[in-house]
Amino acid sequence: MNGFGPEMLALIAGVFLLAGVIKGTVGIGLPTASVGMMSQVMDPRMAIALVVFPSLLSNAWQIWRSGMVAETIRRFWVYLVCLISVIAVVSLTLTATIRTDVLLLVLGGVIILFSVSSLAWAPPFLPERFDRAGQVVSGVASGALGGLTAIWAPPMVTYLMARRVQKDAFVAATGVMIFAGTIPLIGGLWSNGVITGPTAGLSILMTIPALAGFTVGERLRRRLDADRFRTVVLVIFLIMGLNLIRRAML
């Protein structure tokens, strides 16, 4: 399928299973984990193309479980408009033409930024009077990163943490934001040929291990120390990001 042998297909399925476990346990990380791991062994554009449908459908599941869709859209509509618009433009115009070494460098940098910022510090509180500006800045930054790499967690999470969004609202917001951004990403990547019919079919198929992992992760969340697990995951992300930059430099 899509030119991959049985061993590579098994590896891809294992990546999505593990990425689903991470997302189910800590609430985020499926695109970061899956694109980061697959980019170690394949062209990052293929990794980005394969992640779109598992990301879309796992976040649809997360949204349905949260039951806070309308409230989330009312609260963060400015962010969503900026995110969707910028992802559409960047994925349509840049992702297919950017050099692979540059894309690896950007991808590695994004993963390192996400890991280090999540491990090292909590952003300062963003007052309500600056919320509209915060949504614009975060939405544009998320859209630029997401359109290139399918990963827009760093500015998104930083903004939500700065607004001190509570746990349930945080899970609902990340689900809506990633779901909404994935739709124009699919359109842009399909239009410029990064996603093809066989690639889309394989991506849809990989939703099965991703959701299976997500279910396992939800159960692990109740048993494990979620903060310790999150720290281990972020350290692994940091190592993956450094290796992607090493590949880009070589």
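Q: Helices are DSSP runs of H or I with at least four residues, and strands are runs of E with at least two, numbered from the N terminus. In what order do the elements of the protein chain run?
A: From the N terminus on, the order is α-α-α-α-α-α-α-α-α-α-α. The chain comes to 11 helices and 0 strands. The model is a predicted one.

Q: What share of the 250 residues is buried, and what share of the contacts joins residues at least 24 apart?
A: Buried residues make up 52% of the chain. Of the contacts between residues at least 6 apart in sequence, 85% join residues at least 24 apart.

Q: What makes up the accessible surface of the protein chain, and how far apart are the mean positions of its positive and negative charges?
A: The surface comes to about 11,100 Å², with 70% of it belonging to carbon and sulfur atoms. There are 19 positive and 10 negative charges, and their mean positions are 2 Å apart.

Q: Why is Ile28 called buried, and where is Ile28 found?
A: Buried means under 20% relative accessible area. Ile28 has 12%, so the term applies. Ile28 is found in the loop between α1 and α2 (30-38). Leaving aside neighbours within four places in sequence, Ile28 is in contact with Ile22, Lys23, Phe114, Val157, Phe170 and Thr174. Ile28 and Thr174 are 146 residues apart along the chain, yet their C-alpha atoms are separated by 7.4 Å.

Q: Why is Ile48 called buried, and which residues does Ile48 touch?
A: Its relative accessible area is 1%, and the cut-off is under 20%, so Ile48 is buried. Ile48 is found in helix α3. Not counting residues up to four places away in sequence, Ile48 touches Val35, Leu103, Leu148, Thr149, Ala150 and Leu189. From Ile48 to Ile195 there are 147 residues in sequence and 9.0 Å in space, C-alpha to C-alpha.

Q: What sets the phi of Ala150 apart, and is Ala150 buried or exposed?
A: Most residues other than glycine have a negative phi. Ala150 has a positive phi of about 70° although it is not a glycine. Ala150 is in the loop between α6 (131-149) and α7 (153-162). With a relative accessible area of 4%, under the 20% cut-off, Ala150 counts as buried.

Q: Why is Arg164 called partly exposed?
A: Partly exposed lies between the 20% limit for buried and the 50% limit for exposed. Arg164 has 40%, so it falls in that range. Arg164 lies in the loop between α7 and α8. Its phi is near 55°, a positive value in a residue other than glycine.

Q: Why is Thr182 called buried, and in which helix is Thr182 placed?
A: Thr182 has a relative accessible area of 1%, so it is under the 20% cut-off and is buried. Thr182 is in helix α8 (residues 167-191). Beyond neighbours within four places in sequence, Thr182 is in contact with Val52, Ser55, Leu56 and Trp152.

Q: How far does α8 reach, and what follows α8?
A: With 25 residues, α8 reaches 37 Å from its first C-alpha to its last, close to the 36 Å expected at 1.5 Å a residue. Gly193 follows α8, with a positive phi near 90°.

Q: What covers the buried residues of α10?
A: The cover includes α1, α2, α3 (44-66) and α9 (197-205). The buried residues of α10 are Thr207, Pro209, Ala210, Gly213, Phe214, Gly217 and Glu218. This helix (residues 207-223) has 17 residues and reaches 25 Å, close to the 24 Å expected.

Technical notes. Residues are numbered from 1 along each chain as its sequence is written. This is a predicted model: local features need pLDDT of at least 70, side-chain atom pairs count only at pLDDT 80 or more; totals for chains, interfaces and linings use all residues. Side-chain values use heavy atoms; hydrogens and water are left out. Buried means under 20% relative accessible area, exposed over 50%, partly exposed in between (1.4 Å probe, protein chains only). Contact means heavy atoms within 4.5 Å. Accessible areas come from the Shrake-Rupley method with a 1.4 Å probe; for residues, only the protein chains shown count as cover. Lys and Arg count as positive and Asp and Glu as negative; His and the chain ends are not counted. The place of a charge is taken as NZ of Lys, CZ of Arg, CG of Asp or CD of Glu. The expected span of a helix is 1.5 Å times one less than its number of residues.
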